[in-house]
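I opened my notebook on this one to see how its two chains sit together. Here is what I looked up.

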Number of protein chains: 2
Amino acid sequence: MADRPKIVVALGGNAISRSDEAGNVGQQFVNSRVTAKSLADLVEQGNQLIITHGNGPQIGNFLLRNEAAADAIYPLPMEVAVAHVQGGMGFMIAQTLGNELRFRGRTDAVTAIVTTILVDHDDPSFHDPTKPIGRTLSEKEAEGYGRDEGWAIKEIQPGKFRRVVASPIPRKIIEIEMIRRGVDAGDILVVCGGGGIPVIQDPKGAMHGTRAVIDKDLASALIATDLDVDAMMILTNVDRVAINFGKPDQKELDRITLSEANGLMAEGQFPPGSMGPKIQGAIDFLEASNKPTARVVIGPLHKAVEAFAGKVGTTITKS
Amino acid sequence: MADRPKIVVALGGNAISRSDEAGNVGQQFVNSRVTAKSLADLVEQGNQLIITHGNGPQIGNFLLRNEAAADAIYPLPMEVAVAHVQGGMGFMIAQTLGNELRFRGRTDAVTAIVTTILVDHDDPSFHDPTKPIGRTLSEKEAEGYGRDEGWAIKEIQPGKFRRVVASPIPRKIIEIEMIRRGVDAGDILVVCGGGGIPVIQDPKGAMHGTRAVIDKDLASALIATDLDVDAMMILTNVDRVAINFGKPDQKELDRITLSEANGLMAEGQFPPGSMGPKIQGAIDFLEASNKPTARVVIGPLHKAVEAFAGKVGTTITKS
């Protein structure tokens, strides 16, 4: 069991919530069951999975619920909200994948672990928050929340505003030893949900949650490095990574090397907030890995096996 | 590490939320830090802890938030709400205990695991729900929720109503092997939060969350049995278990045997909803344990070490 190829699989928001749906829990379970089939295919091919996931739509909805009920009941701070959503989504992903594997006659254990990730208290992003969360706000709402709640707010389109929070670089996964033992024993784990719960450490050594959201692709690269896995897959809603995106000379990439990825990143080919962190995560993992065959695949959620075989998606290798 | 005495410690609602407070997150962290001192005392004495906890106030508040925001955003079904609260409370308890241990120069890992517990689909409690959750309702509200949402509702005092849900008997902890490995490696785990997320299994083998709340003392007895621990502690807000409670001949119990506990239970000395499940949990664990020295201590939260030494609290032994 323990020497099957290990893959960190990072699920994008569309693995659970489709943009053309309201995103209620029933729909989330339906989408999660579809995603589970892709993941089960990878398991049946003989791979061991460590699953991470974003929480974009869910944390936005959670904070909206928080806000809509603020007159009736105390709100939850952001990092505590991230922890709650880890529990809810971890339960859903572990259950739907466990069920799919049982349908196929397998008995693999799938377990979700509440994951906390240390960030630097002086990470520059705390002074320049850029990660949008929650719903779009009108100018009036934006002014109100900025004034009354101290939210950082950005105009994302003329007259449309969103709350932005810091997105610090993940430094250390607090629960890594427990996670490593589960992986060594052959378990399938769901970890680093929503990028992990961000904590900072004070001079006395105590950890404290902090108002931020860690990018799930960077968190995935960190755990891929820590666990020295064979590959990382970032499953999303595009067939391939493209350069010159949206221009006449747009080109889809089939296979690139680490140094090519670094070059394209430096050219500014990949925008922050979408493809940027995925490529950065790929670079982080491949630069840290000692395995010459380490690779990263960025590909479509529902063709995971084909993407892992290089038939769709973009494969990034060390050389 | 792995052969320290193992104790399942079940934390009551007052470990995190005091009844004389609004119970917001800041207060929950303050209370959790006080609780962490008690737990750290037990660790420093050389015990390994497996921590379980109730979610009474938190799940009630979570569902209240759900309800207050229902016009703005889809509500979360109860079992998904339990999963969310496991994440949030697990994060808080693991962090505050981890911090307290670091203050004392220790490096123990404290990890929360999302825990799912199988119940029988035909558990009798599904036909006779009795566990009150959420806030008190007026007669008019009670009628409305009963009619529109299909809630089971009970009149708890004349004119005062609460929603009641099934509280089925926990049968199997789905994540037990992962938990066992963590315990064997010496980790301190936070598990079975809120009694665990209740699931039923359909004829095809798939697990599904179900609208119920498992009693945390019964879930604690199950994990204590599975892990074959040395002792179970149920930490609460009373100094000792009493019989003839509230009567002139009320008597506090210092030490009783399993057969005495069974006898008092049969007499109806312990009400359902409060001391009843604690004594039942004690009976379940002691009857299942093969260790002649196995014991259960029911005692005050902030005197855990004294209670474990038999100086306060009620100790129940096999003979």
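My entries on the pairing of the chains follow.

**Ground rules.** I am working with a predicted model, where local features need pLDDT of at least 70 and side-chain atom pairs count only at pLDDT 80 or more, while totals for chains, interfaces and linings use all residues. Residues are numbered from 1 along each chain as its sequence is written, chains are lettered from A in the order in which they are written, and side-chain values use heavy atoms, without hydrogens and water.

**Symmetry.** A rotation of 180° with 0.0 Å of shift along its axis does it, at RMSD 0.0 Å. That is how a two-fold axis relates copies. I also noted that 100% of the contact residues of chain A recur in chain B.

**Interface.** I found 52 residues of chain A in contact (heavy atoms within 4.5 Å) with 52 residues of chain B. The chains bury about 4,200 Å² between them, 69% of it on carbon and sulfur atoms; this is the accessible area (1.4 Å probe) lost on being put together, summed over both. In chain A, A:Arg65, A:Tyr74 and A:Phe91 lose the most area to chain B, together 18% of what that side buries.

**Salt bridges.** I looked for a side-chain nitrogen of Lys or Arg within 4 Å of a carboxyl oxygen of Asp or Glu. The count between chain A and chain B is two. A:Asp187 and B:Arg181 meet in a salt bridge at 2.2 Å, N to O.

Key: Copies are superposed by least squares on the C-alpha atoms of residues with pLDDT of at least 70 in both. Buried area is the accessible area (1.4 Å probe) that two parts lose on being put together, summed over both.
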